[in-house]
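Hi,

Here is the structure I promised to pass on. Have a look at it, and then read my notes below.

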Amino acid sequence: MLSEENVLKALSNVDDPDLKKDLVTLGMIKNLKINGKQVFFQVQLTTPACPMKDFIRNACVTAIKHLVDSTAEVNIEMTAEVTNGKSLVENNHQIKNMIAVASGKGGVGKSTVAANLALSLSKAGAKVGLLDADIYGPSMPTMFGLNDETPEMTTIDGKEKILPLEKYGLKLMSIGFLIQTGQAVVWRGPMISAALRQLLNDVLWGDLDYLIIDMPPGTGDIHLTLCQNFPLTAALLVTTPQKVALDDAQKGAAMFRIPAINIPLLGVVENMSWFTPLEFPDLKYFIFGSGGGQKLADEFEIELLAQLPLSTSVSEGADAGTPAVIGGNKPMEEAFKFMAETVAQKLAILNAAK
Ligand SMILES: Nc1ncnc2c1ncn2[C@@H]1O[C@H](COP(=O)(O)OP(=O)(O)OP(=O)(O)O)[C@@H](O)[C@H]1O
Ligand SMILES: [Mg+2]
């Protein structure tokens, strides 16, 4: 018989494949109502970018039809409440997850991955900010076509605050928005640290599910300031497929494992893994070799989360202020979507383990 009790009993046979517990125990079933043959409820996922969304929905329908009533009409609304570990509370707002996108080496695609990860998560329905922590060489103003924009200021409780710029649904902040284009940053360590702290503490980010942080290359003052003063949820490593580039990548990764820092490594994203000509979509040319991402992942006992192809649309889009996910290149958009879902999934698992 269709009753709330029987439906919940049936749903307690459906496991969240990532968290490995059933949906009822996890408290993910909300607002269950029954009206004749109609069953309504919400499944509250841990991220709107959940790659298991359809799988979980289908498993719920199957469980109710098999175990309770095969003629039931099951209406499920998939919602999400992003989970967090240690979160940053600032200006009465909460940043649930801060993710550093890092690599020991320059030019491997950190900024590209950070921007398109942020955009893909936002497209899935999450509240997302993107912080350009590359104080020496900010790239966000150009990547988002915001070279001529200056953030507005406001005063809260007698303190001056900066409003982030907004574009394509993201909240954005970069030192490049606060200094004139072309003006070189020649500050020393302490000033750099102060500038970075301001970009986090004095910017009105509002409530965010994810703040993606585009790191500079290497392992310098900016890394230490960020890791030691802010509750980073995890770091994502970007690398290219060449094995010769691994040395720097390893140093970049090892920094997060130093006991005084100890930030979880979420996994590796390999960028520019292969080139596929538009007219031959099944061909892959491994221009920069292969295996680098997997090797780095193996060394640190983490996962290779995604491989991103090389596409001229990525670099052209970055120069034109339209990141790849916005630019209309479907295969690239799909690759970034898959990457973002995998990252969101790993984060949810990490947060559940805390
Ligand atoms: N998958 C890709 N396909 C084509 N071009 C790419 C791809 N990824 C990045 N690029 C281009 O490669 C260059 C370097 O990328 P990006 O600026 O993202 O690297 P980075 O690691 O942030 O560099 P830096 O260390 O200087 O901050 C840019 O011109 C970017 O547009
Ligand atoms: Mg960069």
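When I say contact or touch, I mean heavy atoms within 4.5 Å. On that basis, Gly291 is in contact with Pro241, Lys243 and Glu270, leaving aside its neighbours within four places in sequence. Before I go on: this is a predicted model, where local features need pLDDT of at least 70 and side-chain atom pairs count only at pLDDT 80 or more, while totals for chains, interfaces and linings use all residues. Residues are numbered from 1 along each chain as its sequence is written, chains are lettered from A and ligands numbered from 1 in the order in which they are written, and side-chain values use heavy atoms, with hydrogens and water left out.

Back to Gly291, which sits in the loop between strand 15 and helix 8 (292–299); helices (H or I, at least four residues) and strands (E, at least two) are DSSP runs, numbered from the N terminus. Gly291 is partly exposed, at 29% relative accessible area, because that label covers what falls between buried (under 20%) and exposed (over 50%), using a 1.4 Å probe and protein chains only.

Gln250, in helix 7 (residues 246–257), has 16% relative accessibility and so counts as buried. Its side chain makes a polar contact of 2.5 Å with that of Glu299. By polar contact I mean a pair of N or O atoms within 3.5 Å; within protein, one must be able to donate a hydrogen and the other to accept it, and residues adjacent in sequence count only if both atoms are side-chain atoms.

Now the ligand. Which residues are closest to ligand 1? They are Lys110, Ser111, Thr112, Asn271 and Pro309, out of 17 that surround it (a heavy atom within 4 Å). A polar side-chain atom of Lys110 is 2.8 Å from one of the ligand 1 oxygen atoms, and a backbone N or O atom of Gly107 is 2.9 Å from an oxygen atom of ligand 1. On the nitrogen side, a polar backbone atom of Ser311 lies 3.0 Å from a ligand 1 nitrogen.

Last, the inside. A nonpolar core here is a set of buried Ala, Val, Leu, Ile, Met, Phe, Trp, Tyr and Cys residues joined through side-chain atoms within 4.5 Å. The largest has 87 residues, of which Leu130, Phe144, Tyr210, Ile212 and Leu236 touch the most other members. Helix 11 (residues 330–352) gives the most to this core, 8 residues. Apart from it lies another core of 23 residues, including Met28 and Val43.

Cheers
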